[in-house]
Amino acid sequence: MASFIIEGGHTLSGTITPQGAKNEALQVICATLLTSEPVTISNIPNISDVNNLIQLLREIGVKVRVRDERSELSDITPAHSAHEEQSLNSQHSALNTLTFQADSLNLDYLQSDAFVQKCAQLRGSVLMIGPLLTRMGKAVIAKPGGDKIGRRRLDTHFLGFERLGAHFNPVPERGVYEISAIHNSPSSVPCSHFSTLKGNYMLLDEASVTGTANIIMAAVLATGTTTIYNAACEPYVQQLCRMLNSMGARITGIASNLLTIKGVSRLHGTTHRILPDMIEVGSFIGMAAMVGDGIRIKDVSLRNLGIIPNTFRRMGIKVKEEGDDLFIPRMRHYEVQSFIDGSIMTLSDAPWPGLTPDLLSVLITVATQARGSVLFHQKMFESRLFFVDKLIDMGAQIILCDPHRAVVVGHDRKLQLRGGRMSSPDIRAGIALLIAALSAKGVSRIDNIEQIDRGYENIESRLNALGAKISRMT
């Protein structure tokens with residue numbers, strides 16, 4: 001287990017560019033399973049969650065190629081050792097553009113214990129179900145892993161598949177789900193279209209991002225028309241729909257919560273560029289407010305950030321828009337706004353275009369040095385606020401009301417946080433603790449930073465370039 005050693009108290013300045021969006025990458029990479037033709041995706045983040053998904057696709061037979069300096073494509077084969085995997089990740093990091101071709105998949109591997117075990121370690125694997133189901137007629141998937149932030153049910157996915165005519169069968173003894181759209185299909189095929197899914201109307205029980213994406217990918221090759229009401233409309237889902245339309249799908253209602261999908265018989269190849277990661281942009285805004293001496297965040301795709309900049313402004317932070325960049329000047333003090341009636345500011349997560357839950361951890365950390373108090377209401381996950389005990393140990397004034405609500409009383413920089421030793425429980429809490437450590441007095445150690453690596457590419461080098469003092473211990 002690796003650790004970060006952080007020497008706190010240094011101010012950061014300069015320019016930083018966000019990586020490609022993790023959540024979009026997981027969706028569009030899985031969408032390459034929908035066609036036998038090449039699909040080229042650029043701005044892929046070099047992070048462990050994405051790399052592990054790419055590795056999983058290679059192992060089921062997807063050809064993954066990287067473009068070299070001469071603009072020629074060379075194949076990437078499955079890695080069989082840590083050294084080989086590190087080499088592949090280095091290629092990916094240098095180029096961040098890969099071409100995927102799923103023209104010969106091995107469905108026998110999808111039944112293996114090795115596949116099940118890998119799915120159990122990677123939440124993004126759930127997004128393979130829709131493409132495999134609609135194109136191959138069946139899928140086997142394990143209960144996926146990921147952050148330990150509370151219950152993350154899959155009911156929305158499976159109810160949507162059932163509305164399309166799929167049969168769902170849990171196999172508790174193996175910890176897998178078997179889903180079928182046909183009675184029989186070949187185990188190793190050149191990947192024609194085998195499913196018998198039929199379009200239907202459905203009202204989703206929740207606006208699940210991954211659930212919506214999975215159902216969309218299943219519906220594009222179904223017979224007839226599918227209507228999805230209460231669909232998630234996050235930019236990641238919008239990007240997935242646009243990519244699928246460029247592949248020949250017929251999706252309308254993009255950016256709304258009512259999607260109409262007219263099934264087609266086949267999809268073709270395309271090229272696609274992933275958006276900047278809005279969560280990383282928000283993380284950098286919070287970092288700039290806490291320890292910045294003037295930080296520019298470049299190429300943020302401002303129109304796809306929603307209310308994120310304004311949420312930080314409600315915390316009293318100056319966020320200047322300059323073209324497609326954001327500039328956050330040094331914030332010696334920042335004062336939390338109150339509502340018009342004078343009541344305490346409350347920030348809560350909500351489906352898009354509301355505030356993404358992935359930024360609440362960062363906002364809580366930023367609030368510890370604000371002037372004023374904030375009530376945070378985390379509605380979606382019952383365990384995500386438990387990391388605040390680590391901030392309390394550092395000297396923050398936080399009242400954890402219950403698993404979903406916390407009140408932060410800001411220090412107004414009159415009391416600096418103390419460095420300490422802590423462990424990262426999930427991706428977003430991990431980056432929040434890193435920001436806290438950068439602002440703290442003394443040296444901090446954060447263990448289990450593999451969680452941070454799942455969502456943030458080469459974060460210590462990028463922050464050290466701004467003036468941070470972070471070292472990695474393995």
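**Backbone, core and salt bridges**

Asparagine 230 is found in the loop between strand 13 (225-229) and helix 8 (235-246), where helices (H or I, at least four residues) and strands (E, at least two) are DSSP runs numbered from the N terminus. The model is a predicted one, in which local features need pLDDT of at least 70 and side-chain atom pairs count only at pLDDT 80 or more, whereas totals for chains, interfaces and linings use all residues. Residues are numbered from 1 along each chain as its sequence is written, and side-chain values use heavy atoms, with hydrogens and water left out.

Although asparagine 230 is not a glycine, its phi is positive, at about 65°. Asparagine 230 is partly exposed, with a relative accessible area of 24%; on this scale buried means under 20% relative accessible area, exposed over 50%, and partly exposed in between (1.4 Å probe, protein chains only). Arginine 413, in the loop between strand 23 and strand 24 (421-423), likewise has a positive phi, near 60°, and is partly exposed at 30%. A further backbone feature is the cis peptide bond that joins tryptophan 352 and proline 353, with omega about 10°; proline 353 lies in the loop between strand 20 (345-348) and helix 11 (360-367). Most residues other than glycine have a negative phi, and most peptide bonds are trans.

Glutamine 238 belongs to helix 8 and is buried, with a relative accessible area of 10%.

The largest nonpolar core has 153 residues, of which Leu244 and Leu463 touch the most other members; such a core is a set of buried Ala, Val, Leu, Ile, Met, Phe, Trp, Tyr and Cys residues joined through side-chain atoms within 4.5 Å. Leaving aside residues up to four places away in sequence, leucine 463 touches Leu12, Ile16, Phe284, Met287, Leu434, Leu438, Ala468 and Ile470.

Turning to the strands, strand 22 (residues 397-402) and strand 23 (residues 405-409) pair in the antiparallel sense over 5 bridges, pairing being assigned if DSSP finds at least two bridges between two strands. These two strands form a hairpin with 2 residues between them, and leucine 400 has alanine 406 in strand 23 as its bridge partner.

Which charged side chains meet? A salt bridge is a side-chain nitrogen of Lys or Arg within 4 Å of a carboxyl oxygen of Asp or Glu, and by this rule the count comes to 20 salt bridges. In one of them the side chains of glutamate 322 and arginine 296 meet at 2.6 Å, N to O. This pair links distant parts of the chain, with glutamate 322 in strand 18 (residues 320-322) and arginine 296 in strand 17 (residues 292-297), 26 residues apart. Another salt bridge brings together aspartate 325 and lysine 298 (3.1 Å, N to O). Aspartate 325 lies in strand 19 (residues 325-328) and lysine 298 in the loop between strand 17 and helix 10 (308-314), so this pair ties together parts that are 27 residues apart in sequence. Aspartate 325 counts as buried at 9% relative accessibility, whereas lysine 298 counts as partly exposed at 29%.

Terms used:
Contact means heavy atoms within 4.5 Å.
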